[in-house]
Amino acid sequence: MNNYLHSHTDLPSRRERLFIALRVPAHIQNSLRMSAEQVQGKLDFRKWTDYRDYHITLQFLGDILVSDIGQLRKALRSVTAGFQPFELQLSGWGTFGLEEAPKVLWKGVEGETDQLHLLQKRIVDATSSLGFEAELRPYSPHITIARKFLGQDPGNGDKGIFKVLPGQFLGVNSWMVQDFVLYVTQPGQAPMYGVVDTFSFS
């Protein structure tokens, strides 16, 4: 358990905002940071994600009682039994929301995505016994780069934004996924997400 939560374990009625995700390794964080820095002056988004916070969400949990985190960790440990490491790599850019004013700019992933979807399903199944519900929309793995487009569209609809975005990074853009993590949101801090626990595949 990280220091942020550990310092508050004497407050069992305290709630923390938690989510489950895949970490993005340092070499991928850095390649994404370079891509983001190339376009920050050209695209006006309200918030650019701190590169140390890049991740692939598996399940958002919401505000959880600190006293319930032990049960949650036990459920998540059960997910790792027999699960094998798998490979992912960066793919293209995408957006959510209106074409001319997207809510989210993201980078996609490809590779062994069947394993990624299986892992996400296992996690949702494991947490459902604790009362957590799956999202209604289909799971769409991505890495959020920026939120809330404020500027003028630099071209014609959504395509204008894509014209500005850099192409594929030429360095190593793949990695092996060997674990997933439980994150806590720490508003006002940088990075904003702290690791509560790591669940390595056995």
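Biologist: Which residues have the most contacts inside the largest nonpolar core?
Modeller: L22, L119, F180 and L182 have the most contacts there. That core has 48 residues. Keep in mind that this is a predicted model.

Biologist: What is L22 in contact with, leaving aside its neighbours within four places in sequence?
Modeller: H55, I56, L58, F86, L88, L116, L119, V177, D179 and F180. Two of the names from the core list, L119 and F180, turn up here.

Biologist: And which residues does the second, separate core include?
Modeller: F19, A21, Y183 and Y193 are among them. That core has five residues.

Biologist: Back up to the whole chain. How many helices and strands?
Modeller: Five helices and nine strands. From the N terminus, the order is α-β-α-β-β-α-β-β-α-β-α-β-β-β.

Biologist: What share of the chain counts as buried?
Modeller: 45% of the 202 residues.

Biologist: And for contacts between residues at least 6 apart in sequence, how many join residues at least 24 apart?
Modeller: 77% of them.

Biologist: Helix packing next. At what angle do α3 and α4 cross?
Modeller: Roughly 145°, with the axes coming within 9 Å. Helix α3 covers residues 69-79, and α4 covers residues 113-128. The crossing is right-handed.

Biologist: Which residues meet there?
Modeller: From α3, they are L72, A75, L76, S78 and V79. From α4, they are L119, R122, I123, A126 and T127. By type, the contact has seven nonpolar residues, two polar and one charged. L119 also belongs to the group with the most contacts in the largest core.

Biologist: Switching to charges. How many salt bridges?
Modeller: Seven by the rule used here. One of them pairs D179 with R23, with the closest N and O atoms 3.4 Å apart.

Biologist: How exposed is R23?
Modeller: R23 is partly exposed, because its relative accessibility is 33%, between the 20% and 50% cut-offs.

Biologist: What does D197 pair with?
Modeller: R73, and the closest N and O atoms are 2.7 Å apart. This pair also links distant parts of the chain. D197 is in strand β9 (residues 193-200), R73 is in helix α3, and they are 124 residues apart.

Biologist: Are D197 and R73 buried or exposed?
Modeller: Both D197 and R73 are buried.

Biologist: What about R137, which residue does it bridge to?
Modeller: E135, at 2.6 Å between the closest N and O atoms. R137 has 62% relative accessibility, so R137 counts as exposed. E135 has 51%, so E135 counts as exposed too.

Biologist: Last topic, Q29. Where is Q29 found?
Modeller: In helix α2, residues 26-39.

Biologist: Is Q29 buried or exposed, and why?
Modeller: Buried, because Q29 has 13% relative accessibility, and buried means under 20%.

Biologist: What does Q29 contact, leaving aside its neighbours within four places in sequence?
Modeller: V24, Y51, R52 and Y54.

Notes. Residues numbered from 1 in each chain as written. Predicted model: local features only at pLDDT ≥ 70, side-chain atom pairs only at ≥ 80, totals over all residues. Heavy atoms only, no water. Axes fitted to C-alpha atoms, helices over the stretch in contact; angles between N-to-C directions. Helix = DSSP H or I, 4+ residues; strand = E, 2+ residues; numbered from the N terminus. Left-handed = near helix turned anticlockwise from the far one by under 90°. Contact = heavy atoms within 4.5 Å. Nonpolar A, V, L, I, M, F, W, Y, C, P; charged D, E, K, R; others polar. Core = buried A, V, L, I, M, F, W, Y, C linked by side-chain atoms within 4.5 Å. Buried < 20%, exposed > 50% of the residue type's maximum accessible area, 1.4 Å probe, protein only. Salt bridge = Lys/Arg side-chain N within 4 Å of Asp/Glu carboxyl O.
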